[in-house]
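I opened this model to take notes on it, entry by entry. Below is what I looked up.

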Amino acid sequence: MRPATIVATVAGVTSDIQPEPDPVVIDHEHEDLTGGWLRPSVFGAMDGLVSNAALVAGVAGGTRHIEDTTAVILAGIAGLAAGAFSMAVGEYVSVASESESAQREVDKERAEILAHPEEERAELVEILVDKGLAQSTAEDVARQVHQDVETAVTVHAQIEFGVDPDGLASPKVAAVSSFLAFTAGASVPVVPYLFGAETLTISIVVTLMVLFALGAVVTRVTSRPWWYGGGRQVLLGCIAFAATYGIGMLVGASV
Ligand SMILES: [Zn+2]
């Protein structure tokens, strides 16, 4: 059943709403089409939601006997800032080192192609024949590819180690995306407090709703149904919030 049909059924609407057949989409591009911002954004936002709501829950649990939400708000904002910077640094380092090692392989390949063009051309013929091309076709292809060094580098890099030299992810884009996304996610549990909510419940409910939505969105790039992705996020979030609330309560009672 498609989401639209489920919603219609749940809402008690008679299901004469026929879901339209999915259009046939020929998906040639399997690589990340987004220049590397989608993954850090989605995971940054989920990370911000879970870690900051857990932090808020912990402080709320520890200060529940004090009729004052100042500590909760302060912790929430500090947690947002700390997490956003930490995420940005982590993403930057991880993507930069990944891109640098890919770049080093590409440079090695270029040096090989410049130093031994004939051997590299022969190597490409061999690979193409292995992949099922006829010998003469493979030789034609390799000859054409090797007319230009950069074309040869691109083809060798993709065929030999699956790297697109022009499509390396940018560490800056990843860092900025995850910073912004974490900030957005982490502000969700804090905002209700800023607007005068005095209980943790509102903050957690709003957080769980956004978590569900993000979990459902992620299933667009996985093979799981949307409700599974959303439900799993909510469940994991609940465990994290309950655990930190409990820890906050214990610590709050003993200090
Ligand atoms: Zn090669």
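**Entry 1: the chain as a whole**

I started with burial: 34% of the 255 residues of the protein chain count as buried. Buried stands for under 20% relative accessible area, exposed for over 50%, and partly exposed for what lies in between, with a 1.4 Å probe and protein chains only. I note that this is a predicted model, in which local features need pLDDT of at least 70 and side-chain atom pairs count only at pLDDT 80 or more, while totals for chains, interfaces and linings use all residues. Residues are numbered from 1 along each chain as its sequence is written, and side-chain values use heavy atoms, with hydrogens and water left out.

I then looked up the secondary structure and found 9 helices and 0 strands in the protein chain. Along the sequence the pattern reads α-α-α-α-α-α-α-α-α. Helices (H or I, at least four residues) and strands (E, at least two) are DSSP runs, numbered from the N terminus.

Among contacts in the protein chain with a separation of 6 or more, 70% join residues 24 or more positions apart. Contact here is heavy atoms within 4.5 Å.

**Entry 2: the zinc ion**

Which residues are the protein donors of the zinc ion? I found Glu109 (OE), Glu120 (OE), Glu123 (OE), His156 (ND1) and Glu160 (OE), lying 1.9 to 2.3 Å from the ion. Donors are N, O and S atoms within 2.8 Å of the metal (3.2 Å for Na, K and Ca); water is not among the atoms, so sites may look incomplete. Along the chain, the spacing of the zinc donors is E-x10-E-x2-E-x32-H-x3-E. Glu120 belongs to helix 4 (residues 117–130) and Glu160 to helix 6, so this pair ties together parts 40 residues apart in sequence.

I checked burial for both. Glu120 is buried, at a relative accessible area of 8%, and Glu160 is partly exposed, at 31%.

His146 came next, in the loop between helix 5 (135–145) and helix 6 (149–161). Its relative accessibility is 17%, so His146 counts as buried. Beyond neighbours within four places in sequence, His146 is in contact with Ile113, Pro117, Glu120, Arg121, Leu124, Ala152 and His156. Two of those contacts, Glu120 and His156, are also zinc donors.

**Entry 3: the nonpolar cores**

A nonpolar core is a set of buried Ala, Val, Leu, Ile, Met, Phe, Trp, Tyr and Cys residues joined through side-chain atoms within 4.5 Å. The largest one has 22 residues, and Val56, Tyr193, Leu200, Ile204 and Phe241 have the most contacts inside it. Two or more residues each come from helix 2 (38–62), helix 3 (70–115), helix 7 (171–194) and helix 8 (200–218). Helix 2 gives the largest share, 9 residues. Another core lies apart from this one, with 13 residues, among them Ala102, Ala142, Val145 and Ala157.

I followed Tyr193 further. With neighbours within four places in sequence left aside, Tyr193 is in contact with Val56, Ala60, Thr69, Val72, Ile73, Thr199, Leu200 and Ser203.

Val72 lies in helix 3 and is buried, at a relative accessible area of 3%. On the same terms, Val72 is in contact with Val56, Val59, Ala60, Thr63 and Tyr193. The C-alpha atoms of Val72 and Glu198 are separated by 10.0 Å, and the two residues are 126 residues apart along the chain.

Ser41 touches Ser177 and Ala181, residues up to four places away in sequence not counted. From Ser41 to Ala174 I noted 8.0 Å, C-alpha to C-alpha, and 133 residues in sequence.

Ala169 sits in the loop between helix 6 and helix 7 and is partly exposed, at 36%. Ala169 and Glu98 are 71 residues apart in sequence and 8.5 Å apart in space, C-alpha to C-alpha.
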